[in-house]
Amino acid sequence: MSTTTAPAGAPASRKDKAKASDRAVAENRLGLKLVLPALVVMLFVTAFPMLQALWLSLSNYALTAPDDRSFVGAQNYVTALTDPLFWRTMLVTVAIMVVTVFFELVIGFVFALVMHRVIFARGIIRTSILIPYGIITVVSGFAWQFAFSGTNGFVNAWLPFVEDNFNWFGEQFPALVAICVSEIWKTTPFMSLLLLAGLAQVSEDMVEAAKVDGATWWQRLWRVILPNMRAAIMVAILFRALDAFRIFDNIFVMTNGAVNTESVSFLTYRQVIEQFQIGMGSALSVLLFLSVLIIAFGIVKLFRVDLAQARGEG
Amino acid sequence: MRGPRRGLWRPLGVAATIVLAASTLSACSESGKPTLNWYINPDGQDTLTSLAEQCSTDEYDIAIQLLPTGATDQRTQLARRLAANDSTTDLMSLDPVFVPEFANADWLLEFEGDAADAVVDDDVLAGPADTVQWEDKIYAAPQWANTQVLWYRESLAEAAGISDALQEGTATWSQVIDAAAQNDGTVGVQADRYEAYMVWINALVQGAGGDIVSDTEAGVDAQVDIDSDAGRAAAEVVAQLAGSPAAQSDLSVSREGTSLGAMFPDGGAGEFMTNWTFVYKNYEPNDTNGFTDEQFADLAWARYPRTVEGEESKPPVGGIDIGVGAYTEHPEYALEAAQCVTTPEAQLALAVNDGLMPARSSVYEEQELVDAYDPTLLTLFRESIEDGGPRPKSAFYNQISGSVQSTWHPPADVDPERTPERSANFIRDVLGGKALL
Amino acid sequence: MGNTPLRKIGVVVGAALILIWCLLPVAWIISLSFKSQDAITNGSPGFFPAEGGFAGWDNYVAAWDNEQFRRAIFNSIGISLIATLLSVIVATLAAYAIARLEFKGKKLVLSTALAIAMFPVVSLVGPLFDMWRAVGLYDTWPGLIIPYMSFTLPLAIWTLSAFFREIPWEMEQAAQVDGATSWQAFRKVIVPLAAPGVFTAAILTFFFAWNDFVFGISLTSTEAARPIPASLSFFVGSDPFNRPASLLAAGAVIATVPIIVIVLLFQRKIVAGLTSGAVKG
């Protein structure tokens, strides 16, 4: 690798300019060679199947009745987009996304502040905070499902104003609460670490200066700290929002989509893997993909997130 | 350039070798003697494992592969393998409701000639025999039959004064629910959004003399009948239970196992519970389960309750059929093995050890089985299987069942006036590809 | 920022809250795993096992005795390790190029990585299932390793390029001036500097592969390749009609042990990797 910057054997007869462009060409070629494997692996599993999904979504094709396959044009899209179930799952998904990201942001920020300030037991706290991050989502789902269970859990006993045999999974709202709790528990630590990194970037001098000017803690937070963390916060929101929009594991484990808790991902999965409706499932896959694009685009435009800058990229 | 490059590429080569080795690992097990894979559902694992050993011969071995617990998950796992034209799916334990779908997709090998005669003869009960046939061909071998009865506490029934009606088999759901509600008892059913909820709804509709769908050979053009008096009668039962104090608190997520604990609770009078045949062995006192002889003596059983007065109940039937994968490399062996694991001896072992009732009439006479069960219970099981109502026999059963589950869940939202109509429209739309499921 | 007593108390309370938040559910699943299965069947509410409902190590023994579960652990470890190894190698090449070289298409690689980090995984299961069954990768280790690689590459590339950018590459030249060959310079100077970054990327990649559920349930159907999360969701106890909550909890604890060990050993590196990859200062 080192040879690219130390061209020991470069022919000396050439002119400097030619040498430089020669080297640029070589560097260009080497760069492409080095990124090619990554690019191929990433695109092989995403772009190619996505194109296939686009093609499959135009036919009526169920694996259980392969002989009845037929080309139907945009019919699957029309069916999906006019189906109340699709819009209901979309609403549920967006609701989960907004609620979980909001709580993760608030709690995560508090955690980040504490971790930023804490001087004792740093190791223990950072170790603990990585456990929810590392734990399998399915395990988190099970843990909370059993915790909320009326027959074997403890939540009902611990919460005031909740009857001991209250069934959290009997109705849409409490079931969604349980799902959100599991999701928030698992991902808040990740959020708090991202915010902690942002917090570390805020210059202490500026905070100190504001303090000298007589700003209260609250004012310092809103006028100095938060604006200076903007990039970090926006990146955290973008990533968590898109992650939350794809929610699947917790729903699969905790309710299996019962009592109207299906997300768009879950609906898509069920069409493809349980119903074997490859045609309709592919249409939903494409719609899901488009939704993610729209949300990503929306967040980037709305909050004017500059990803390149946030990443330190020129 | 050379040095560092080699250094970087070497690990790649190593990794590629590892991947290759891993991918060929699974194929390595093939020695001379072929192994047939038998995908079983988890009921009666130990007996099925020894059956697999007994039915292995000098020419082939049978290896057990375990499927997940739920009927829908089992179907998904098998169907995915078969859709992938998997040649290692040789034998499979199939819930009868999925035989038409699998047969229609050409995933099952047909039993012909002698094989067909052997697996479906006069000895096989009519209900199970019907489940393995699709378009007048035989696609599986009945292995065991399941049915639901009403399990209850004798003390509770006596306190409520409905013992006689229960024993005559004339008690209705409405009576049972009221009896439980008025005597501090509960009613256990399966009403989570899964296959057994469909089992309950189907039994209720058929018990009122109706059907969820009919003319199922027409595939997606089947006639949808649930929007009828029978459908409304079924919805009334569900709604009555959901609104009654007799409903268990976890009604909307109740499964076969969840209501077992409510039979002998710490406080309260116990329950009436519709459930499969395995329940008897569950409460039979042994070292680990902690049930007492007094409790066991209080356990009683009766025919599945009626949906409406004056109309005989149609108890749910289920069980397992053994199918042979269409892409197996050893069709003769697999067909032979399928017969071997469904012989009367095999069925007797499953019944005695695991409480999985025989699909063959003659096995009910076996002394060993009579000794293991209360004779009245055996008679009840057999009658229930014979009089039972099957679920719709359609290649699109999964869609029908899913549509019903979706529109009837949660039970608390079932409205006799609207639910049957809504579910009828939904089934039609789903079958017609006009609605998402 | 000052150190008023009020603030001190706030930090202590906050630290306690963080610990409770992170550890309570873990304590709960451990506690649940000690409830006996009969107690679960008959209902055993409460955080701790009720009297008489304590199972000792029974659930752990039973979970470990489950052949399918053991296979799932083996699969998960094998698949995750291979995916991690391959992903890190490929990502190292790419990250080096991104951090050190000027070439056309750099933006393309970065945007692709970004797009894939946001890709809705579920929308791939249909087409991938179709492709895999056509080429025979369905229900095999490589069938999972390949998608795991694709989806861990973005994170690995970012983490690594952030690390690589910090490396003082002049030292390499200095070493060469001192008479080392370019290979020696690379191995003796650059590798030790880059190793922590590579290592961090490997841990994060491993976490992703270990955690994956969507591919695990869609692209496998037997214990030939089924990983732990999928296996847990299909977990079957001795009683087929009961979801064996406490047994499942024992399985979940076993599945979590590797994660906790990794976290305990490499806490610092993980934190550094997570924060440097996503938000670079």
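In the predicted model, helix H8 (residues 204-212) of chain A packs against helix H9 (residues 217-228) of chain A at an angle of about 145 degrees, with the two axes 10 Å apart. The crossing of H8(A) and H9(A) is right-handed. On the H8(A) side the contact involves A:Met206, A:Val207, A:Ala210 and A:Lys211, which meet A:Arg220, A:Arg223, A:Val224 and A:Ile225 in H9(A).

Chain A has a radius of gyration of 26 Å, whereas a compact globule of 314 residues would have a value near 20 Å. The C-alpha trace of chain A extends over about 85 × 70 × 35 Å along its principal axes. Of the 314 residues in chain A, 49% are buried. Among contacts in chain A with a separation of 6 or more, 69% are between residues 24 or more positions apart.

For chain A, the unreviewed UniProt entry assigns the feature "transmembrane region" to residues 34-55, 90-115, 127-148, 175-200 and 278-303. Two of these annotated segments may be described from the coordinates of the model. Residues 90-115 of chain A are 100% helix and 0% strand, and the C-alpha atoms at the ends of this span lie 36 Å apart.

The segment at residues 189-210 of chain C is 100% helix and 0% strand, and its end C-alpha atoms are separated by 33 Å. Residues 245-266 of chain C are also 100% helix and 0% strand, with the end C-alpha atoms 31 Å apart.

A further helix pair is found in chain C, where the axes of helix H8 (residues 170-177) and helix H9 (residues 182-211) come within 9 Å and cross at roughly 130 degrees. H8(C) and H9(C) are therefore oblique to each other, and their crossing is right-handed. The residues of H8(C) that make the contact are C:Met171, C:Glu172, C:Ala175 and C:Gln176, while H9(C) contributes C:Ser182, C:Ala185, C:Phe186, C:Lys188, C:Val189 and C:Ile190.

Chain B comprises 19 helices and 13 strands. For its 437 residues, a compact globule would have a radius of gyration near 22 Å, and the 24 Å of chain B therefore agrees with that expectation. The C-alpha trace of chain B spans about 90 × 55 × 50 Å along its principal axes. Buried residues account for 56% of the 437 residues of chain B. In chain B, 74% of the contacts with a separation of 6 or more link residues 24 or more positions apart.

Within chain B, helix H10 (residues 195-207) and helix H18 (residues 397-408) have axes that come within 9 Å and cross at roughly 85 degrees. H10(B) and H18(B) are therefore roughly perpendicular to each other. B:Glu195, B:Tyr197, B:Met198 and B:Ile201 of H10(B) meet B:Ser401, B:Val404, B:Gln405 and B:Trp408 of H18(B).

Note on methods
Residues numbered from 1 in each chain as written. Chains lettered and ligands numbered in written order. Predicted model: local features only at pLDDT ≥ 70, side-chain atom pairs only at ≥ 80, totals over all residues. Rg over C-alpha atoms; globule rule 2.2 N^0.38 Å. Buried ≥ 20, exposed ≤ 12 C-beta atoms within 10 Å, placed from the backbone. Contact = placed C-beta atoms within 7 Å. Helix = DSSP H or I, 4+ residues; strand = E, 2+ residues; numbered from the N terminus. Axes fitted to C-alpha atoms, helices over the stretch in contact; angles between N-to-C directions. Parallel < 35°, antiparallel > 145°, perpendicular 65-115°, else oblique. Left-handed = near helix turned anticlockwise from the far one by under 90°. UniProt positions renumbered as here; feature names shortened; annotations may be inferred.
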